[in-house]
Every structure is written in structure tokens, then in C-alpha cells.
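Biologist: I am new to this structure and would like to learn how to read it. Could you guide me, please?

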2 protein chains.
Amino acid sequence: MVEKEPFVVVGGDAAGLSAASKMKRESPEREVIVFEKGRWVSYAHCGTPYFVKGEVEKLTDLLSLSPDEIKERGIDLRRGHEVVNVSTDEKTVTVLRKDGTETEQKYGDLLVATGGRAANPIEGAEKEGVFTLHGLDSAAKIRALLEEPDEFSVESLGGDGYLDGKEARRYGGIEPPETVAVVGGGYVGVEMVEAFSAWDVDVHVFQRSEFLLPGFGEEVAERVEKHLEENGAEVHTGEEVVELRGEGRVSGLVCSDGTTLEIDAALVGVGIRPNVEIVAGSVELGESGAISVDEYGRTSVENVYAAGDCAEMRHVVTGDDAWVPLGLTANRAGRAIGATVAGERTPVGGIAGTAVLKAFELECGRSGITDLDEARDAGYEPVAESITAGSRSGYYPGAKETTVRLVADRETGRLLGGSIVGEDRAAIRIDTVATALEAGMTVEEVERLDLAYAPPFSPVWDPVLVAAKVLNGKM
Amino acid sequence: MVEKEPFVVVGGDAAGLSAASKMKRESPEREVIVFEKGRWVSYAHCGTPYFVKGEVEKLTDLLSLSPDEIKERGIDLRRGHEVVNVSTDEKTVTVLRKDGTETEQKYGDLLVATGGRAANPIEGAEKEGVFTLHGLDSAAKIRALLEEPDEFSVESLGGDGYLDGKEARRYGGIEPPETVAVVGGGYVGVEMVEAFSAWDVDVHVFQRSEFLLPGFGEEVAERVEKHLEENGAEVHTGEEVVELRGEGRVSGLVCSDGTTLEIDAALVGVGIRPNVEIVAGSVELGESGAISVDEYGRTSVENVYAAGDCAEMRHVVTGDDAWVPLGLTANRAGRAIGATVAGERTPVGGIAGTAVLKAFELECGRSGITDLDEARDAGYEPVAESITAGSRSGYYPGAKETTVRLVADRETGRLLGGSIVGEDRAAIRIDTVATALEAGMTVEEVERLDLAYAPPFSPVWDPVLVAAKVLNGKM
């Protein structure tokens with residue numbers, strides 16, 4: 001028997017390393033090579049706001065696996081190796097090393113797990129003091145800037161050998177900002193408002209549309225906006241930042257309506273784009289621009305898989321392909337592809353777009369389709385209802401107002417999505433909605449769920465049940 | 001058109017008043033009479049441990065609706081009226097008034113919502129200082145005993161005109177106990193350990209079987225046992241209390257193995273029995289001894305419904321009738337029956353047996369079938385697995401160990417039940433299990449659920465997902 005060519009993985013983060021680990025565990029004899037262009041591997045993107053805030057002390061705390069642990073799993077990890085081309089005809093990848101030399105690598109199976117990159121479409125985005133939050137080096141630069149120069153040391157960031165120390169050191173030597181603009185009020189933006197606020201700076205957040213947190217619904221957005229302001233941030237909704245100004249360092253911003261603000265740092269969090277360039281000419285892309293895959297994560301080309309922030313997935317509500325880059329699904333899809341490559345065909349699962357976040361004391365969650373226009377585009381006739389109910393029995397101390405918004409299809413009664421906000425165990429309650437969405441439940445079935453009730457945790461009718469009851473009455 | 005005879009409800013608590021309220025809202029012209037033998041109506045059973053503890057100040061805080069509010073809804077509420085007989089042939093109930101007189105009442109539709117009563121099968125259970133926790137008068141007596149006589153006043157209990165003041169006053173005048181035995185380590189027993197411990201008494205809890213909290217599984221039980229002991233309680237498992245001794249007031253207990261303990265108060269919490277006597281000769285009872293009903297809450301006799309702790313419901317896993325007396329399902333079934341009687345046929349829904357409780361800092365939850373013998377009896381081939389995982393990303397402050405146990409059927413892969421214990425948002429996570437059970441999901445489908453992930457609330461793989469992953473690997 002001819003030995004199989006190796007399983008080659010492009011990208012050493014959630015999807016790529018989950019796949020490599022699972023494949024190696026199931027087929028220890030087969031070679032697995034992971035090419036990672038940077039130095040960091042296997043790190044927790046979602047933890048970076050808490051590193052900037054200072055709640056997570058060291059960058060290395062955010063690593064799930066060290067390079068040594070990855071090697072112990074029998075994975076041939078090659079950091080500083082950028083895959084610059086894929087030839088699906090030859091079944092090879094072209095790899096550019098740090099030293100500028102190139103090499104070719106044959107593959108038997110290939111996983112494209114190249115992730116995404118932060119979008120930064122704003123004029124002046126290249127100025128000093130303007131950041132995106134994508135990757136640990138960007139988090140390190142932001143925290144370095146926030147620390148006082150006389151207290152800063154690059155070692156305090158805990159980056160060990162991974163960190164781009166030069167940039168971090170440069171920002172560590174600059175006076176901290178007095179006023180920071182967060183451009184984009186999505187969930188990264190909102191988390192970063194909390195992170196900056198911990199550093200005694202004035203924080204302004206700008207959101208182009210009328211409401212923060214698109215995809216969470218107006219009721220959630222209004223409570224979050226109020227809560228951010230109670231915590232000292234200034235929220236500018238309906239204002240689009242079009243330019244960042246300054247000589248070298250950023251010193252001000254301009255909105256489309258002409259409004260200006262003096263700032264000395266900016267975080268641009270207006271979304272990410274999938275990294276698909278190396279396969280854009282050879283595998284099919286979806287409407288979103290991310291790589292189109294089937295239920296096993298297979299692209300249009302045999303033996304080529306894609307997973308994580310560069311790939312689409314099947315949406316559990318619509319059944320259509322959707323691009324919703326999130327951490328859990330990247331891990332899960334990678335793991336499933338590792339199993340499939342090892343011979344046990346495993347579906348990557350669907351995506352409900354479940355997202356949760358903390359904004360100071362508020363907990364927010366969303367899942368499924370919550371935007372009415374999006375629901376109509378998908379062929380539904382959406383009906384929405386929102387309620388506010390206590391998080392515990394009214395007589396039990398600590399009950400907090402919890403707002404739940406549910407959306408259902410009038411014709412079938414099917415639940416399409418939901419969002420939630422509150423201070424007491426609110427976010428995690430979105431899991432009920434996510435599970436009901438995956439099961440294709442109607443809102444009437446949700447109303448009849450036998451959910452948890454005990455005075456310290458929930459009123460007799462959980463807020464999710466109250467919302468289902470009210471929405472069902474409106475159907 | 002001949003006017004319909006009234007909708008008569010026996011029992012003025014969760015099921016009865018939910019039905020009366022819903023029926024009256026939908027058909028305001030029809031007469032609704034609620035007979036309640038006691039003085040208390042519409043109160044929160046599940047809150048009584050927190051009243052005993054002192055966390056809920058007044059008994060009246062536990063009322064959902066006052067008699068006046070009930071009357072404002074157009075309901076003819078008659079407290080102190082005990083229904084002593086039902087003639088389904090004549091379509092009448094016989095009512096015994098407080099003054100000893102009897103009357104007959106015709107009904108068009110009848111709801112039996114007579115609830116349950118605490119079982120107390122132990123010899124000596126009638127002694128002074130021996131309590132069950134069922135109803136607000138029993139809670140009042142217990143708290144009266146715990147308060148120092150010179151600080152006690154019957155008004156401090158907040159019972160207004162409802163309270164059985166004589167008994168409460170008598171117990172308020174007695175010196176507080178030094179040692180209390182909680183007989184029965186189910187969820188009421190465990191909640192009462194916490195309640196008594198707040199009063200500076202030595203608390204012993206006795207559980208006949210080897211593990212506390214039957215139905216939560218051994219892993220949950222072990223953590224709860226340890227936690228109760230860390231909080232100063234003594235846990236005696238595998239010890240059956242057979243006798244309570246004392247001259248008038250209880251002074252000691254005896255176990256079946258001859259062990260004795262000096263005590264000066266005891267709480268017997270060994271379960272409840274359904275109150276079915278008034279219809280036992282005329283409607284069919286189920287195997288459990290509770291009233292058998294169909295999916296609309298209808299008994300075997302036309303126009304006679306039953307709901308709440310006196311009735312069975314359909315179990316969402318087995319599809320069989322089951323008797324699991326819990327608050328939410330009583331409310332929901334009552335409400336559905338009210339709608340059905342008003343002309344809109346509405347299913348009462350199923351029961352998963354979802355229960356959650358707090359034991360000091362620990363949060364516990366369970367749903368579905370978790371006992372392996374019970375699963376086998378229902379025709380399944382159960383496989384169980386338990387895991388312990390963090391409640392948050394490891395690098396985020398406040399992560400706590402969360403133990404999840406899941407049970408599935410080997411042949412079909414279907415999830416049968418689960419339980420959970422931990423300190424950080426653990427209990428509410430059982431709602432994911434309850435929803436998956438209602439949907440009939442396989443453990444593989446649960447593994448692929450798109451649940452919430454953000455560092456402050458959950459690791460990438462929620463503990464429920466980790467458990468599903470591990471159990472699925474074992475199938």
C-alpha cells in the first residue's frame with residue numbers, strides 16, 4: 001500500500017488545530033502538518049478584551065495549547081510559514097518561510113483554516129494609535145498604550161517568545177490616551193468599551209445604525225446603550241465615522257454628518273473579512289465571500305476542506321449557507337473534519353449564530369434570525385414580541401429585570417430567533433433558544449417547555465417562557 | 001340558550017387559580033367558583049424554605065395574588081370551603097363550610113386541583129417540634145420556633161389575616177432548638193438544611209439511600225454532600241429514621257440500624273402524596289395513585305379535569321403517564337385547562353421532571369430520566385457519562401468546576417436525561433437538557449448544538465457539550 005500524502009492544515013488556530021489533533025488521535029500513523037504564518041497558535045480570540053481590560057494578566061494565559069503541547073500530540077507544527085498558494089491540480093501548497101525562501105508541500109487532504117482579518121475601511125486607519133482587535137499582537141499594543149510608560153515593561157504583557165515585542169515596546173513608551181473612540185458598536189466594540197473604561201479614559205462609541213449590537217434587537221440595544229452611559233461611556237448611535245485625522249498619531253475623528261471629536265486613540269471594530277485569497281481561484285466561494293462547504297466541511301474540490309472564520313456553514317434556521325464567524329463552531333467544524341479525514345465521516349453541524357457578551361453588569365445573548373428584514377428575505381413572515389420579566393421569583397432577593405425578544409414565523413409558528421438582556425444569569429438562557437432553534441420548535445412548543453424553576457434562579461415562568469407565551473398569543 | 005352551569009374549581013393554588021383566571025379572561029360571562037378549604041390561596045410553595053431561612057421576610061410576600069385581586073378578576077373565590085364529595089352522575093360537589101354546614105353546587109365543568117400533602121410515615125411524627133413543610137402555616141410554625149421567644153411576635157411573620165396564629169404563637173413561645181434533624185435528603189430536605197443553618201442550630205440530614213437527591217445522580221449527590229458538610233451540616237446517608245421519640249416534644253430519633261440522636265426538632269421531607277380522595281371512586285387513577293388525565297387534562301369522566309400535584313402528566317421522554325408534582329407544570333396545566341373549558345382546546349404539555357435547587361453556594365439541576373434502573377424499566381438501554389469542566393474560560397476569573405451527567409439510550413442514541421451541579425450559573429444550564437429532551441434529540445445532536453460562548457459565561461465547549469461529546473464517544 002502506498003503511504004498517503006500528509007494531511008496539511010493551513011492556519012494554527014481553533015479550526016486548524018482541532019482538526020489536526022482529532023485526525024492525529026484517530027490515525028496516529030498519518031502525518032499532519034500545520035502551517036501557521038504567525039508566531040501565535042491556538043489562542044482565545046474572545047479573551048482579548050479581558051486582556052486589554054487587565055482582568056486577564058498575561059497574553060500567554062489566552063493560549064489553549066503551547067507549541068510544545070501541539071508537538072507532543074505528534075503534529076508537525078510549522079510557525080512562521082505562510083501558505084501563499086494552493087494548487088488543487090497538483091495537490092500542493094506553496095509555503096513562504098520567514099527567511100524569504102519558498103517550498104512546496106504535497107497534501108493528501110487539505111484543510112483551509114485561514115481565519116479572518118479585521119476590516120478597517122476608514123480613512124486614516126493606518127495612523128498611530130488606531131487599532132483593530134484581531135490577534136494577540138494587536139491586544140498587546142493596545143494594553144501597552146494604556147499602561148503608564150514608567151510602569152510598563154514588555155515582560156508584564158506575558159508574551160514570552162511569541163510577542164511582537166518591538167511594536168508593544170513602542171506603544172508602551174507613549175503616554176496613555178485621554179479619549180478613546182470605539183468605532184463600531186457590535187459585540188467586540190461593546191466589550192472594548194468595558195475594557196477601556198477600566199483604564200480611566202473617556203470612552204466614546206460610534207455606531208453607524210440607530211442601535212448598538214445589530215442582531216440583538218432594539219430592546220436589547222436600548223438597555224445596553226443606557227447601561228454603557230451609566231458606566232460613563234458616551235454612546236453615539238446613527239453616526240458614521242468616516243475619517244480618522246492626525247499628524248502621524250490620531251488626534252481626531254470626523255463623522256459623515258460633519259461632527260468631529262478630539263481623540264488620541266481609536267479601536268475600529270466594524271467586522272471581519274474571511275481570508276480566502278489562497279484558494280479563491282480554485283474552490284467555490286459562497287455569496288458571503290467565504291468558502292462554500294458541504295455538511296462535512298468539504299469544498300467544491302476533492303480532498304480540500306475549509307473551516308472556521310474563512311468558511312460558511314449551514315444555518316440551522318434557514319438551512320442555507322451562512323457566514324457567521326464564531327469560536328465554538330470553528331472548533332467543532334475543525335474537530336469534525338479531523339474525524340472525517342481520519343475515515344469517520346462526521347458532520348460539522350450547523351450554526352445558529354448564538355452569541356453572548358458581557359457589558360459591565362449586563363449580560364446579553366442572541367441566537368438565530370432576529371432581524372425582521374433578514375427573516376423576510378429568507379421567506380418568512382416574521383412576528384416579534386418582547387417582554388421584561390424578573391430573573392427570579394419576585395420575593396427572592398436579587399431578582400433583576402430580564403428582557404427577552406423572540407421572533408417567529410406567522411405561517412408555521414416556528415421560532416426563528418431570539419435575544420435576551422439582563423443582569424442575573426441572562427445570557428446563558430439564550431441556550432434554550434439555541435436548542436429550540438436547532439430542533440425546529442414552534443413558539444407554542446417553546447411555551448410548553450418544562451424549564452427550571454426555583455426561587456433563586458427563575459420565576460415559575462422563566463422569562464423565555466413568558467416571551468413565548470406572549471408571542472404565541474400574538475400569532 | 002340555557003346558561004351553562006359554572007366552572008367549578010376545587011383548590012385555590014397554582015393549578016386551580018391559573019385555570020380560573022384563564023377561563024374567566026376568555027369567557028367573562030361564565031361563572032367560575034373556586035373552593036379552597038384553607039385560608040391561603042395562590043402562594044409559592046417553593047419559596048417556603050427561604051421564608052424559614054429568613055431571606056423572605058413575610059409570609060404574605062409569598063402570595064402571587066391576594067383574595068381581593070382574585071375577586072377583581074371576576075372569580076367567585078370561597079375560602080374555608082372544603083369539597084368533601086363529588087358526584088359525577090349529578091354533576092355536583094358537596095361543600096363543607098367552616099361552620100359545619102354543607103351545601104351542594106352544580107358544575108358544568110369541574111377542575112380537581114386538590115394538590116398533595118406531605119407524607120409523614122414515621123412513628124412519632126405527631127410529636128411537638130416535628131414538622132413537614134407543606135403550606136404556609138407549617139412554614140410559619142417552623143420559623144416561629146427558630147426565633148427567640150423574647151424577639152418573637154406573630155406579626156413579624158407577616159401572615160396578616162391568613163395565618164393560623166394560634167399555632168404560630170405557641171411555637172414562638174418555645175425556646176429555639178439546638179439540634180434539628182432533617183429526615184429525607186431530597187430537594188426540600190437539602191433546601192431546609194440551608195434554611196436551618198442560617199439560625200445557628202446543629203443540622204443533621206438523614207437519607208435512607210446511599211446518596212442525597214435521588215434523581216440527580218451520584219456525582220451531583222457527592223458534591224452536595226461534601227458542600228453541606230463544609231457548611232457545617234452533618235450528612236447521614238444510608239440511614240433510615242424509623243422513630244421520633246419524646247414525651248410530648250420530640251427529643252430524639254432512632255434509625256433502623258439502632259443509631260440514635262438527641263434532637264429537639266425535626267423536619268420530615270420524604271415526599272408528598274396526591275389528594276385524590278374526593279374523586280377516587282369516580283375517576284380513573286393512574287399507577288402512581290394520582291389522577292389519570294389525557295393531553296388536555298381531562299379525566300376519565302366527561303367535563304371533569306385534573307391538574308397540579310394531584311394529577312399525572314405525560315412524560316416527555318417516555319411518553320407514558322408520570323406523576324412529578326412541580327410548580328411550573330401545575331401553573332401551565334391549569335392555564336391550558338382554563339383555555340380548553342373556555343372553548344379553545346389547549347394541550348397541558350408534558351413534563352420532563354426538570355428541577356433545580358440551591359444548596360448554599362451550589363446550584364443543582366436535573367431533567368428527564370437519570371436513574372438507570374428507571375430507564376431500563378422504560379425499555380431503554382441506558383448509557384451514562386459524567387464530566388467536570390469549567391463554567392467559564394479557564395483564563396477568566398471566577399470559573400468554577402461544573403459537573404454534568406448525561407444519560408442516553410444506546411440503541412437510538414436519544415438523550416434520556418441529565419443532571420448538573422456547580423457554583424457558577426450551573427442550575428440554569430439544565431434548561432438546555434430539558435429543551436433537548438422535549439425535542440427528542442440524540443446525544444450526537446446535543447453535541448452539535450450551537451450554544452453560547454463568551455469567556456465570562458462559558459468556555460468554548462459548554463460543560464453540557466463536553467458531557468455530550470464524551471457520552472457520544474462511548475455510545
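Modeller: Here is a short walk from one residue to the interface around it. Please keep in mind that the model is predicted.

Biologist: Where is B:R448 placed in chain B?

Modeller: B:R448 lies in a loop of chain B, between α11 (443-447) and α12 (463-474).

Biologist: Does B:R448 count as buried or exposed, and why?

Modeller: The general idea is a cut-off: buried means under 20% relative accessible area. B:R448 has 18% relative accessibility, so B:R448 counts as buried.

Biologist: Which residues does B:R448 touch?

Modeller: Leaving out residues up to four places away in sequence, B:R448 touches A:R332, A:P347, A:V348, A:G349 and A:E438. The side chain of B:R448 also makes a polar contact of 3.2 Å with the side chain of B:E444.

Biologist: How many residues of chain A and chain B are in contact?

Modeller: In chain A, 59 residues are in contact with 60 residues of chain B. About 5300 Å² is buried between the two chains, with 67% of that area given by carbon and sulfur atoms.

Biologist: How many salt bridges and polar contact pairs are found across the interface?

Modeller: There are 4 salt bridges between chain A and chain B. The side chains of B:E447 and A:R335 form a salt bridge, at 3.1 Å from N to O. Polar contacts join 21 residue pairs across the interface.

Biologist: Which element gives the largest share of the side of chain A that touches chain B?

Modeller: That is α10(A), with 7 residues. By residue type, this side of chain A divides into 33 nonpolar, 11 polar and 15 charged residues.

Technical notes:
Residues are numbered from 1 along each chain as its sequence is written. Chains are lettered from A and ligands numbered from 1 in the order in which they are written. This is a predicted model: local features need pLDDT of at least 70, side-chain atom pairs count only at pLDDT 80 or more; totals for chains, interfaces and linings use all residues. Side-chain values use heavy atoms; hydrogens and water are left out. Helices (H or I, at least four residues) and strands (E, at least two) are DSSP runs, numbered from the N terminus. Buried means under 20% relative accessible area, exposed over 50%, partly exposed in between (1.4 Å probe, protein chains only). A polar contact is a pair of N or O atoms within 3.5 Å; within protein, one must be able to donate a hydrogen and the other to accept it, and residues adjacent in sequence count only if both atoms are side-chain atoms. Contact means heavy atoms within 4.5 Å. Buried area is the accessible area (1.4 Å probe) that two parts lose on being put together, summed over both. Ala, Val, Leu, Ile, Met, Phe, Trp, Tyr, Cys and Pro count as nonpolar, Asp, Glu, Lys and Arg as charged, and the others, Gly among them, as polar.
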